[in-house]
Amino acid sequence: GKSASSTTTAAVCGVGTGSALPGAVAMASSGNYMFVMVGEDDVPVYEAEFFSSSARPREDTSHLNQFIIHAALDMVDELVWGTQNMYLKCVDKFNEFFISAFVTAGHIKLMLLHDARNDDGIRNFFQEVYELYVRVLMNPFYRPNQPPITSTFENGVNLLGRKYF
């Protein structure tokens, strides 16, 4: 049932295991992150990647990351109906990667694949990206489920990625 998989997800992701350790900030700044906005019918709408300065992305990494995020969509669809929170925290884990999610009121899924624990930074990132997305939605020429390609949105997401990751 749903409660069994929710409990399993919490245990797998290490939710509530005290991620606010003194070394957490240093670890968070050296992680690698992939952000994806997913619209209706699980169609990716926007994507951004943030790498630590020491990490060099391999060419095939992007496709693997997209696959991992896509595989976590079922968990998000299941968990979203069991909570009133938009921020779902860690919804899945694959090897050393965690997948965190935030679901908007219009059911646009903001997904983040990361290899470092940074709960506060991720929550703040999602909240501020959501605010940017709401500004895009207020544009009368924007149609939901289309890529929110504006220089303000792209620059804002990149700035937030540098700020929190």
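Mentor: What follows is a set of questions on the terms, each answered from the model.
Mentor: This is a predicted model, in which local features need pLDDT of at least 70 and side-chain atom pairs count only at pLDDT 80 or more, while totals for chains, interfaces and linings use all residues. Residues are numbered from 1 along each chain as its sequence is written, and side-chain values use heavy atoms, with hydrogens and water left out.

Trainee: How do you know how many helices and strands the protein chain has?
Mentor: Helices (H or I, at least four residues) and strands (E, at least two) are DSSP runs, numbered from the N terminus. On that basis the protein chain has five helices and five strands, and from the N terminus on they run α-α-β-β-α-β-β-β-α-α.

Trainee: Why is H114 called buried?
Mentor: Buried means under 20% relative accessible area, exposed over 50%, and partly exposed in between (1.4 Å probe, protein chains only). The relative accessible area of H114 is 1%, so H114 is buried. In the protein chain, buried residues make up 42% of the 165 residues.

Trainee: What makes the link between H114 and S100 a polar contact?
Mentor: A polar contact is a pair of N or O atoms within 3.5 Å; within protein, one must be able to donate a hydrogen and the other to accept it, and residues adjacent in sequence count only if both atoms are side-chain atoms. The side chains of H114 and S100 make such a contact at 2.8 Å.

Trainee: What makes β5 largely enclosed?
Mentor: Strand β5 (residues 109-114) has six of its six residues buried, so it is largely enclosed by the rest of the structure. K109, M111 and L113 are buried on one side, and L110, L112 and H114 on the other. In a regular strand the side chains alternate between the two faces of the sheet.

Trainee: How do you know which strands pair with β5?
Mentor: Two strands pair if DSSP finds at least two bridges between them. β1 and β5 pair in the antiparallel sense over six bridges, with Y33 opposite H114. Strand β4 (residues 97-103) and β5 also pair in the antiparallel sense over six bridges, and there F98 has H114 as its bridge partner.

Trainee: Why are the buried residues of α5 said to be on the same side?
Mentor: The buried residues of α5 are F153, G156, V157, L160, G161 and Y164. They cover an arc of only 135° around the axis, which puts them on the same side of α5; the arc is that of the directions from the helix axis to the C-beta atoms. On the other side, S151, N155 and R162 are exposed.

Trainee: What makes us say that α3 bends, and where?
Mentor: The bend at a residue is the angle between axes fitted to the seven residues ending there and the seven starting there. At L73 that angle in α3 is about 30°.
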